[in-house]
Amino acid sequence: MSKVIELNDQTFQKAIEAAPLALVDFYANWCGPCRLFSPIFEKVAGNHEEAFFFKIDGDANPQARAELTIDNLPYVAAYKNGRFVGGFSTTMEDALEGFINTVKKPL
């Protein structure tokens, strides 16, 4: 069973506010690197029981990405209790793991 939950504009805010730590994969269906990154994101999600993992099609759901500056896809955003704490574009598993370990630290 997948630990990654698909969101949309209607479910996004409530989901990230309910999660103490949320990682969101912003992708687009037309994006080749996004398709390659999806199984990596899924795999890493299984390594972090303390976090919630979501994905959202940024093209189809503009409200969810309205407050972010996304210059490249895929883009992973981290939220703590609904508040954006950082994000970056990657397709690399080790970079994602490092980012998660950084955002897990107390503010």
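Student: What should I know before I start?
Tutor: This is a predicted model, where local features need pLDDT of at least 70, side-chain atom pairs count only at pLDDT 80 or more, and totals for chains, interfaces and linings use all residues. Residues are numbered from 1 along each chain as its sequence is written, and side-chain values use heavy atoms, with hydrogens and water left out.

Student: Why is strand S4 described as largely enclosed by the rest of the structure?
Tutor: Strands (E, at least two residues) and helices (H or I, at least four) are DSSP runs, numbered from the N terminus. Buried means under 20% relative accessible area, exposed means over 50%, and partly exposed lies in between (1.4 Å probe, protein chains only). Tyr75, Ala77 and Tyr79 point one way from S4, while Val76, Ala78 and Lys80 point the other way, and all are buried. S4 spans residues 75–80 and is largely enclosed because its buried residues number six of the six.

Student: Which residue in S5 is the bridge partner of tyrosine 79?
Tutor: Two strands pair if DSSP finds at least two bridges between them. S4 and S5 (residues 83–89) run antiparallel and are joined by six bridges. In their hairpin, two residues sit between the strands, and asparagine 81 takes a positive phi near 50°. The partner of tyrosine 79 is phenylalanine 84.

Student: Which residue in S4 is the bridge partner of phenylalanine 26?
Tutor: Strand S2 (residues 21–27) pairs with S4 in the antiparallel sense over six bridges. Along this pairing, aspartate 25 stands opposite valine 76. For phenylalanine 26, the partner is tyrosine 75.

Student: Is tyrosine 75 buried or exposed?
Tutor: Tyrosine 75 belongs to strand S4. Counting contact as heavy atoms within 4.5 Å, and leaving out residues up to four places away in sequence, tyrosine 75 touches several residues, including Phe26, Leu68 and Phe84. Its relative accessibility is 7%, so tyrosine 75 counts as buried.

Student: Which residue in S3 is the bridge partner of tyrosine 27?
Tutor: S2 runs parallel to strand S3 (residues 52–57), with six bridges joining them. In S3, tyrosine 27 is partnered by aspartate 57.

Student: How far from aspartate 9 is the nearest side chain of opposite charge?
Tutor: Aspartate 9 sits in the loop between strand S1 (4–6) and helix H1 (12–18). Its side chain reaches the backbone nitrogen of glutamine 63 at 3.2 Å and that of alanine 64 at 2.9 Å. Lys and Arg count as positive and Asp and Glu as negative, with His and the chain ends not counted; a salt bridge is a side-chain nitrogen of Lys or Arg within 4 Å of a carboxyl oxygen of Asp or Glu. Aspartate 9 is buried yet has no salt bridge, and arginine 65 is the nearest side chain of opposite charge, at 7.6 Å.

Student: How many salt bridges does the count come to?
Tutor: One of them joins glutamate 6 and lysine 55, with the closest N and O atoms 3.8 Å apart. Glutamate 6 lies in S1 and lysine 55 in S3, so this pair ties together parts that are 49 residues apart in sequence. Lysine 43 pairs with glutamate 93 at 3.3 Å, and glutamate 50 with lysine 104 at 3.2 Å. The count comes to three.

How values were computed. Polar contact = N/O pair within 3.5 Å; in protein donor to acceptor, adjacent residues only side chain to side chain.
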